[in-house]
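Reader: I have the model open. Can you walk me through how its parts pack?

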Amino acid sequence: MTFSTYLRYIQWPWALILAIALPLVTAWLVRIGIRARRTRLARLGTPSMIARLAPSITRQRTWSAASRAALATLLLGLALAGPRWGVEQNVVKQQGVDVVLALDASLSMLATDERPSRLQAMKQEIDRLRDLSPGDRFALLAFAGRSYILTPLTVDNSALDLFLGNLDPSIVGQGGSALSSALRQATNLLSLNKSQGDKAIILMSDGEGFDNPEESLSEARRARAMGFTVITVGFGTPEGSTIPIVENRVVTQKRDENGNIVITRYDPALLKSIADEAKGVFVDARSPNKAGQIRVALNNLRANPRSVVSGENLGVQFQWFVLAALMILALDTFLQTRRRRRRAVAAAATTATMLLVVTSCRPAERDKPAIALYNTGTALLLRDSLAPAIPPLTRASDSKDPEVRHHARFNLGLDYLLQGRRAKDSADVPLDSALYRYKQVLEVAVADSDARWNYELALRQKKGGGGGGGGGGGGGGGGQGQTKTPNPAESPNQSPAPKPVPGMTPQQAEAVLNAAEDKETDVQGKRQKKNVPTPPRGKDW
């Protein structure tokens, strides 16, 4: 590790200069003071007489007093520098609106009339919009011949980055462009959210829709009736372009059923009609700053205040150095006045006070056996061993440690939910257990959006529905020395990811996160292989 790596454990590195200089200055001043006192006493008699009358003024005790004062000052200087270790969670108060991004992932978005392609230009505008909207929650919905929810409403940038990076025509699995399906599913997704702030649907497409325009206009009127703002954004050029596709590692041009090369063109008419019908905003493809215009439209909406966990940092631990310095000073006071009863009593009182302060600053005892059970169950759950994971998670869910109990109940509900979704027969029993566990979580943490999402998913599965929506994944609970990285919420072909627990070692935490990331990558790859678009009869771009 380099020196700069160690500096991350100091909040104000410049204060380290004071931490070095202050002890030296303090020791020098203490020695100067004691020497001045000895000089004054020398005027009263011989050295042997002074040694008998004032035995505390000796060379050995001079060094002792100076060293104690220097050590106490060193500790105070280190405390001033702000030493940091462990984990500290940052909760930020923000205001924002809930936004569903309905993204066109049809083959026509691969056209290169916008550089490098319409799809990449759309992703770049989304990144700029997210940078302009730090307090907003986003959901991702991809559509082509059908629509597909990628993530529920979330502030988890890592999840959004993951799904945006994998967004391409193969993720939907059905060719064509059905704008009405995207509007319908976006409206349904926002209607499930009961937050008080305004909500918006941002439909990004080249406008080349092959479904019935009346259905799209009907869905726009429905969104308006429910109080949702609809913003349509165009991509492409009226002149159009061919669609490059890769076949057997060779780049060719998309052809229609008659063998003619397809020319896809930007069509703003339907996008503008949808925005007008919903009394929303239309952003033309020729606009130079699409993200800025969208942000201006969102600024007119009523924001919803929320507390957002922005991440975890190294926690400032200056108090331990201050306590150590105060204890050294209390010890020095006791040693200097031990032959005087009143001062001895005062020193004892000071020491007792310091002990009370130290006791009050001690962190709460963690339930280590429950943490071990939780980690065992979580590891089994990550390995997809659902049945063996239930006993340790059940025992951990009864822990007296509230944080361990909360995470154990969440992952226990997740285990039952996975069993219920996979069971072909007799799925009611595990789904009832999942609903019970998520009710326990929501009774304590009403604002846990992941638990609410998984509860709704279990409820829909039990009723035999499910729609096109996905279930919420569990966010991560921070452990010592690890960074909390909330997992992306699940979709219909995707399993929710379990939560790590406080008390895990850095190696265990890293293994959990790597396993979740690998599993997500495998799911994405399998889904893309499974959903290879089957060209329907007619237009499939």
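Author: To start with a definition, contact means heavy atoms within 4.5 Å. This is a predicted model, in which local features need pLDDT of at least 70 and side-chain atom pairs count only at pLDDT 80 or more, while totals for chains, interfaces and linings use all residues. Residues are numbered from 1 along each chain as its sequence is written, and side-chain values use heavy atoms, with hydrogens and water left out.

Reader: Fine. What does Ile202 touch, leaving out residues up to four places away in sequence?

Author: Ile202 touches Val99, Val100, Leu101, Ala102, Leu129, Ile231, Val233, Ile294 and Leu298.

Reader: Which residues touch the most other members of the largest nonpolar core?

Author: Ile202 and Leu298 do, in a core of 35 residues. A nonpolar core is a set of buried Ala, Val, Leu, Ile, Met, Phe, Trp, Tyr and Cys residues joined through side-chain atoms within 4.5 Å. Buried means under 20% relative accessible area, with a 1.4 Å probe and protein chains only.

Reader: And which element gives the largest share of this core?

Author: H5, with five residues. Helices (H or I, at least four residues) and strands (E, at least two) are DSSP runs, numbered from the N terminus.

Reader: What is in the second core?

Author: That separate core has 29 residues, including Phe410, Leu414, Tyr416 and Tyr438.

Reader: Switching to helix pairs. At what angle do H16 and H17 pack?

Author: About 155 degrees, with the axes of H16 (residues 428–444) and H17 (residues 449–463) 9 Å apart. Axes are lines fitted to C-alpha atoms, for helices over the stretch in contact, and angles run from 0 to 180 degrees between N-to-C directions.

Reader: Are H16 and H17 roughly parallel or roughly antiparallel?

Author: H16 and H17 are roughly antiparallel, because angles over 145 degrees count as that and angles under 35 as roughly parallel. Tyr438 is among the H16 residues in their contact, and Tyr455 is among those from H17. By class, that contact has ten nonpolar, two polar and five charged residues.

Reader: What about H15 and H17?

Author: The axes of H15 (residues 402–422) and H17 come within 11 Å and cross at roughly 25 degrees, so H15 and H17 are roughly parallel. Phe410 and Leu414 are among the H15 residues that meet H17.

Reader: Last pair, H8 and H9. How far apart are their axes?

Author: 8 Å, at an angle of about 30 degrees. H8 and H9 are therefore roughly parallel too.

Definitions and conventions. Parallel < 35°, antiparallel > 145°, perpendicular 65-115°, else oblique. Nonpolar A, V, L, I, M, F, W, Y, C, P; charged D, E, K, R; others polar. Buried < 20%, exposed > 50% of the residue type's maximum accessible area, 1.4 Å probe, protein only.
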